[in-house]
Every structure is written in structure tokens, then in C-alpha cells.
Amino acid sequence: MVKRINEAFGHPGYEPVILIDQPLQFYERVAYYVVAECCLVTAVRDGMNLIPYEYIVSRQGNERLDKALGLSHSMPKKSTLVVSEFIGCSPSLSGAIRVNPWNIDAVVDAMDSALEMPEPEKQLRHEKHYRYVSTHDVGYWANSFLQDLERTCRDHSRRRCWGIGFGLGFRVVALDPNFRKLSLEHIVSAYRRTQMRAILLDYDGTLMPQASIDKSPSQQSVEILNSLCGDKRNVVFLVSSRSRRKLGEWFSPCENLGMAAEHGYFIRLKKDAEWEICAAVADSSWKPVAEPVMRLYTETTDGSTIEDKETSLVWSYEDADPDFGSCQAKELLSHLDSVLSNEPVSVKTGRNNVEVKPQGVSKGLVACRLLSTMKERGLLPDFVLCIGDDRSDEDMFKVITSAVDGPSLSPLAEVFACTVCRKPSKAKYYLDDTAEIVRLLQGLASVSEQSLGSSAEETAVI
Ligand SMILES: O=P(O)(O)OC[C@H]1O[C@H](O[C@H]2O[C@H](CO)[C@@H](O)[C@H](O)[C@H]2O)[C@H](O)[C@@H](O)[C@@H]1O
């Protein structure tokens, strides 16, 4: 190939390509770097690749090199880099022209741009790269690896490791030894002896099995919730990402159930109260940007759907191939993150979905608001139960767990943050599935019904 290029483009005394097909001594390589206007690395596969770094340092030179080359030391240094996007150093060289080495036209254009680039730009790119290389030296990297190891191993001896999931979803997770199954006896006995209880329940995946086709609540769930709400010592809230229309319709038989819809953007204290808005009025101007992106992924992912709620958009792949759906979700997440980076929204993955919702709205806010409202009304909970299954519920676990020993809970409060399945969580307890959760709630409801029978209790008012 070199021969063909030289025959086509060379002339007597000039060979455009000089092939050095043998190992070079380091000092020889540095000599080439020093005089090269551009360094091109087109590896299709590699680890870090230190050549671009060596090139930058060589182009910066030093006083002795300048003297040897007859250059003034104050003369600005320049370098240009064209690097394959498949080499490890590529993301760290933000001033390099990055190329896909399989795309020959793109490599040709990049080489041309590198050589034709205005001189001040070559200088600025070089300075940027040199600053990076000279501050990220061996000492820096060694220190950073040690810090990472220390951070990773900080709780190592305390934690227990488990393998969870199957196929592409298999992971080894480290769980806190205090993370344990919630015992019915333990919680029932705490429930019996407490006088003011806050109960926060997620819906999908918690009260409602994920695999269920009909997602409306069962008669049994409605009855349990009504029994819990009928105990004046209880304040019960359903905290869901579902729309207020859906929750209102499904739980219309529950007169005294508090509800938080769309991650707590809307809150209603009981059936005959108005829905309150708990955050700044949601601006929906981002929806026309996000929706076409989601549509693109819906078209290419069979079985996926888009749900348009009042304040948020959800792309769901529950009915798609799970592995493909989860890969698509990862791509969609980063796609939406970049197109919505200047919008007041957050993009999050949930169980089988990717959701865009107003910034600052979270189920954690609902937990905070509930505890502070109860405190304002002189109701300090001595029992808090919060059950949820996915990442959005972790915000509630964090709030109630950190409220222990704080002013919004009784000093004797018993706090039960419980997730579904054994998995890394801020919750201290887990139950295996929705059936166990329903059984637990049924147990608590029975205690309330017994005490109601014996003392005609009324419903708590917050
Ligand atoms: O906060 P949650 O009560 O746990 O709600 C989470 C999401 O639940 C719903 O989505 C789920 O069910 C859909 C079918 O009804 C399914 O397509 C989706 O994949 C599941 O995640 C709800 O539609 C979403 O708005 C909630 O965010």
C-alpha cells in the first residue's frame, strides 16, 4: 500500500509515506515526535495507548531541546492529534480530533483538518493537552487507584456478598449484614405498642405484583388499606409515580387514604380533599423535545410504550424482550440526558422504564412533607413503616431512616424501611414478594380491627 501511495503521489526526491517497519529506540521515537506536526493513532482496538501522551510531552520539549533545534524558548508550542475513538486515552484528550478508524473518509478529513487548523488553535489544543498530561502523572494515577481501592474496600469486611439475577442481569452484590428479612412478629409487636403511626406504601411492585396484567388493586388490598386507615393511630399514604387520575379512580373506595401521585408532585390527604401541588408549577416545554426521542426507541423496540402523564413522560419496556429492552433503556437514558441537559427535569431509570420528571420532585419529598405536617399538628410518629420496590422508593427510605433521632419522630420511634427482594438498598429490611407484603399488611390490619372492636377508634386527622 505504501508503495502504491508513493508511486501515485511521490516524485523524485519526495516520498509522501516513509514506512518504519521495525522497533525504534525510545530516543528515536521522541525525535520523530518532536518534529511531527500531527500525530495520528488509528488503532482499531487497544488499551490505554500512551503514544499521544508521549507526543504531547515531546512537542512541549525543554530548554535543551529548543537550543538543539535553534528555537527560542518563549516560542509557543503546538501539536495536533487525530486519535481512534477505540483507544483508552481518547476520552481524556478533549482537544484531539476523534475518528472511527474503520471510516477511511473520516480519517482523511481529520488529517486534513489537523494540518489546516489555524496556528492559534493548534497552540490552544496543545496547551490544554499538556496541562492534562503534566498534572496526571504516574504519582497521580497511583494515588487515584489507591483511593478507589480504599473506598471500595472500606466496608468490605462488614459486608456479605451474594449473586443475584440471571443471564445478563446477574450481579454480585455486597449487602450490609444488618439487612434482614422483616419478621412479622417483630413488626406486629411494635405496631401493637405504638400510638402514632406513619405508613407509606408504594404501589407497583409493592402492593401490585409486577407481572400482573390487570394492575387495578384487588378487593383484598382495598379492604386492608381501609382497615389500616380506619385506625385513628394511623396516617396511611400511598406514594406512587402513577397519575392522580388512575390512583383516584382505583382507590375511590378508600375514603381516608392519603395519596401522592406522579412521585409526589400531587398530594391528596383523603378522598374528599383537593389535590395539592407540592412543587413549582411544572413546565412542560421539554415534552416536545423528549417525546420524539422516546418515539424513536419505541419504533425500534417491539413491545415498548410511552406514557404521557401530567408532569412526566415514561418509556416502558415491560412487554419487550428484557435484555434488548434494558440495553435500549441505557441508550435512551443517555440520549435523553444529553438533549434535556438544559431543562428543569431529571431523567431516571425505574423498573422496566425510563422516566423524565420535574427536577426536585421525588417520593423523598413526600416522606419529608408528611413527617413535617404531622409534627406541625403535634403528631410525632413512634412507628414508621415504608415499603417500596424500586429506585424511586429509595428516596423515601433515606428520609425516614435519617429522621431517626431527629425532631420529627418520637425519640422512641421504631422505623421500618422495607424493600422487595434481597438487593442493595437503603432499607434495613426486605420481604420476598408482594404476597408477603400483603400478608404483613393484613397482619397489621387485623391488630387495628381488634383494637377498633374493643374501643370504637376514629380515624387520625392530619
Ligand atoms: O411508583 P410506582 O407505583 O411503583 O409506579 C411505577 C410505574 O408504574 C407504572 O408502570 C408500570 O406498569 C406499567 C403497566 O401498567 C408498565 O408498562 C411499566 O413498565 C411499569 O413500570 C406506571 O405506568 C408508571 O407511570 C409508574 O412510573
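Ser90 is buried, at 2% relative accessibility. Buried means under 20% relative accessible area, exposed means over 50%, and partly exposed lies in between, with a 1.4 Å probe and protein chains only. Ser90 sits in the loop between β2 (80-84) and β3 (97-99). Strands such as these are DSSP runs of E with at least two residues, helices are runs of H or I with at least four, and both are numbered from the N terminus. Which residues does Ser90 contact, leaving aside its neighbours within four places in sequence? They are Val83, Ser84, Glu85 and Arg98. Contact here means heavy atoms within 4.5 Å.

This is a predicted model, in which local features need pLDDT of at least 70, side-chain atom pairs count only at pLDDT 80 or more, and totals for chains, interfaces and linings use all residues. Residues are numbered from 1 along each chain as its sequence is written, and side-chain values use heavy atoms, with hydrogens and water left out.

## Domains

The domain assignment gives domain 1 (36-143), domain 2 (184-279 + 361-460) and domain 3 (286-358). Such bounds come from an automatic or database domain assignment. Taken over C-alpha atoms, the centres of domain 2 and domain 3 are 28 Å apart. Domain 2 gives 16 residues to the contact and domain 3 gives 10 residues.

## The ligand

| Side chain | Distance to a ligand oxygen atom |
|---|---|
| Asp202 | 2.8 Å |
| Ser240 | 2.7 Å |
| Arg242 | 3.1 Å |

How much of the ligand does the protein bury? Taken alone, the ligand exposes 570 Å², and the protein buries 89% of that. These areas come from the Shrake-Rupley method with a 1.4 Å probe; for residues, only the protein chains shown count as cover.

## Gly303 and Ser316

Gly303 lies in the loop between α11 (287-300) and β12 (305-308). Gly303 is partly exposed, with a relative accessible area of 28%. Not counting residues up to four places away in sequence, Gly303 touches Ser316, Asp319 and Ala320. Gly303 and Ser316 are 13 residues apart in sequence, and 8.7 Å separate their C-alpha atoms.

## Thr419

Is Thr419 buried or exposed? Thr419 is buried, with a relative accessible area of 0%. Its place is in strand β17 (residues 414-420). A polar atom of the Thr419 side chain lies 3.4 Å from the backbone oxygen of Gly388. The side chains of Thr419 and Lys423 are joined by a polar contact of 3.2 Å. Leaving aside neighbours within four places in sequence, Thr419 is in contact with residues including Phe179, Gly388, Phe397 and Tyr430.

Asn352 is in the loop between β14 (345-350) and β15. Asn352 has a positive phi of about 60°, although it is not a glycine. Asn352 is partly exposed, at 24% relative accessible area.

Asp405 lies in the loop between α14 (391-402) and β17. Asp405 has a positive phi of about 70°, and it is not a glycine. Asp405 is exposed, with a relative accessible area of 73%.

Asp21 belongs to the loop between α1 (2-9) and α2 (26-35). Asp21 is exposed, at 68% relative accessible area. Asp21 and Lys330 are 309 residues apart in sequence and 43 Å apart in space, C-alpha to C-alpha.

Key. A polar contact is a pair of N or O atoms within 3.5 Å; within protein, one must be able to donate a hydrogen and the other to accept it, and residues adjacent in sequence count only if both atoms are side-chain atoms.
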